[in-house]
Amino acid sequence: MADKKAVSAAAKGDQAEKKADKKDDKKSGKKPGFFAKVKDFFVRLGKYFKDTKSELKKVVWPSKKQVRINTITVLVVVLIAAVVLVVLDLVFGGVIHLLIGG
């Protein structure tokens with residue numbers, strides 16, 4: 001437990017140093033070099049994947065039974081919507097055909 005606190009405190013210190021360095025760079029007007037930008041990109045990319053992995057561990061995945069029920073429900077609703085749209089298309093098409101008289 002104490003190790004985690006020490007690591008956390010060290011990480012916060014590193015973050016504070018990075019922020020201070022960025023502020024110093026902004027104040028001095030220096031632009032970061034190409035390699036600094038590339039390094040920063042890969043650091044942020046690594047953080048993104050680490051955060052994504054952390055979030056995926058929190059997901060409660062559905063069981064096979066739940067997936068099957070949800071899939072069947074979606075298919076039934078899609079079929080009902082398709083039938084309703086076909087019927088409406090036929091009705092409105094017939095009405096237009098009668099109005100135009102063609």
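The model is predicted, and the values reported below were computed from it.

A pair of aromatic rings is described by the distance of the centres and the angle of the planes. A search of the whole structure finds 3 aromatic pairs. In one of them, the ring centres of F34 and F35 lie 5.4 Å apart and the ring planes stand at 75 degrees, so this pair is classed as edge-to-face; the assignment follows because planes over 60 degrees apart count as edge-to-face. Another edge-to-face pair is formed by F41 and F42, for which the centre-to-centre distance is 5.2 Å and the angle between the planes is 75 degrees.

Side chains of opposite charge can pair when their charged atoms come close. The structure holds 3 salt bridges. One of these joins the side chains of R44 and D40, with an N to O distance of 3.2 Å. Both residues belong to helix α2, which comprises residues 34-58, and they are 4 residues apart, or about one turn of the helix. D40 is partly exposed, its relative accessible area being 29%.

A further salt bridge links D51 with K47, whose closest N and O atoms are 2.8 Å apart. These two residues are likewise found in helix α2, where a spacing of 4 residues separates D51 from K47 by about one helical turn. For D51, a relative accessibility of 34% corresponds to the partly exposed class.

The side chains of K58 and E55 also meet in a salt bridge, at 3.3 Å from N to O. K58 and E55 lie in helix α2 as well, 3 residues apart, which again amounts to about one turn of the helix. With regard to accessibility, K58 is exposed, with a relative accessible area of 57%, while E55 is partly exposed at 46%.

Conventions:
Residues are numbered from 1 along each chain as its sequence is written. This is a predicted model: local features need pLDDT of at least 70, side-chain atom pairs count only at pLDDT 80 or more; totals for chains, interfaces and linings use all residues. Side-chain values use heavy atoms; hydrogens and water are left out. Rings of Phe, Tyr and Trp (its six-membered ring) pair if their centres lie within 6.5 Å; planes under 30 degrees apart count as stacked, over 60 as edge-to-face and the rest as tilted. A salt bridge is a side-chain nitrogen of Lys or Arg within 4 Å of a carboxyl oxygen of Asp or Glu. Buried means under 20% relative accessible area, exposed over 50%, partly exposed in between (1.4 Å probe, protein chains only).
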